[in-house]
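Let's take a walk through this model, starting with a sheet and ending with charged side chains. Have the structure open and turn it as we go.

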Amino acid sequence: ASGYATAVPALKPGARIAIVAPASAALDAADQAAEWLAARGYTPQVMPASRSRLDAPYDYLAGADADRLADLHAAFAAPEVGAVWCLQGGFGSWRLLDQLDFDLLRRHPKPFIGYSDITALHLALQRHAGFVTFHGPMLAQDLLAGKRDPTESHLLSMITGQVGQGAWITPPPYATATELIPGSATGRLIGGNLALLASLIGSDSEIDTRGAILFIEDVNEALPRIDRLLSQLAAAGKFDELKGVLVGNFTRILGVQMDDAQAQGMLYPLILDQFRSRGIPVLAAWPSGHGDPNLTLPLGAQVTLDTGRGALRLEQAVIR
């Protein structure tokens, strides 16, 4: 699991894109997302569960587990589908992990896009399917919400194969990253939502951080909870063989009465507590995750983190 993840086929112009909701519902958004994709020349296919929602107490789920799972499997299996794009995060994608058909997924690699609760699926795919997946903007949560460019353009250029080996991923000038611990390191880019990374410790899909650059982000967490989540990962040995850390957006930090940009600074002592003594580079305020913009990251890919440059370099092709 500590080798390179393999590149996935490029999304072709006009290709069919499956809209899935593996976690929570975004009922009205499915058809709007289809229009959004059609306006960009793609052929949308709204998978059935993305138009549904269960009754309480499971009203945080877009359809029964079996239905959401069937949508994912069908989207990957269909040869005419060029990408599988999540509508929304929320809660519940972890409920599918023990039922995923990894043989099917390995046979049909294609761009898979999402973040937040979708982190559970990214981890499972990294661990058991072995192809690059994309921590990137979701249709309802980001693109229909009008997040600033390069949210859209960077994702589309990446999954269509315009961002190749040797390319630098650099935040826009208005969202530059913050160097917390200087340095440069190369490793597999892995991670996602901090709460999900911690929740899956001890499971078959827990994060493998050996030789990796760890990316973390979260939303609606209080500083003591962020401290506890980091401590849980540390106690599980997940920081012992890291090469570097990329800290994404931590938005709407609970109990902190300041804007998101200022609130990030409250987080840095907690981050430094964990990583200062480890002698690895740490780059923070990276604009991926729940903030705006939301830059796409190729999970599982070999990258170089360069804090002086405030950027990531792709050390492998992620699209073939």
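Predicted model: local features only at pLDDT ≥ 70, side-chain atom pairs only at ≥ 80, totals over all residues.

Residues are numbered from 1 along each chain as its sequence is written, and side-chain values use heavy atoms, with hydrogens and water left out.

Let's begin with the sheet. It is an open one of 6 strands, in the order 2-1-3-4-5-12, and its pairing is mixed. Strands here are DSSP runs of E with at least two residues, helices are runs of H or I with at least four, and both are numbered from the N terminus. Two strands count as paired if DSSP finds at least two bridges between them. At the edges sit strand 2 (43–46) and strand 12 (297–299), each pairing on one side only. On average, neighbouring strands of this sheet are turned by 25° against each other, direction ignored; the axes behind that angle are lines fitted to C-alpha atoms, for helices over the stretch in contact, and angles run from 0 to 180 degrees between N-to-C directions.

Now zoom in on strand 3 (residues 81–86) and strand 4 (residues 112–114), which pair in the parallel sense over 2 bridges. Look for Trp-85: it stands opposite Ile-113 in strand 4.

On to the charges. How many salt bridges does a search of the whole structure find? The search turns up 12, counting a side-chain nitrogen of Lys or Arg within 4 Å of a carboxyl oxygen of Asp or Glu.

One of them links Asp-240 and Arg-278, with the closest N and O atoms 3.3 Å apart. Asp-240 lies in the loop between helix 8 (223–235) and strand 10 (244–251), and Arg-278 in the loop between helix 9 (260–275) and strand 11 (282–284), so this pair ties together parts 38 residues apart in sequence. Asp-240 is exposed at 53% relative accessibility, while Arg-278 is partly exposed at 30% (buried is under 20%, exposed over 50%, partly exposed in between, with a 1.4 Å probe and protein chains only).

Salt bridges with shared partners also join Asp-65, Arg-68 and Arg-95 into one network. Within it, Asp-65 and Arg-68 have their closest N and O atoms 2.9 Å apart, and both residues are buried. They sit 3 residues apart in helix 2 (residues 65–77), so about one helical turn separates them.
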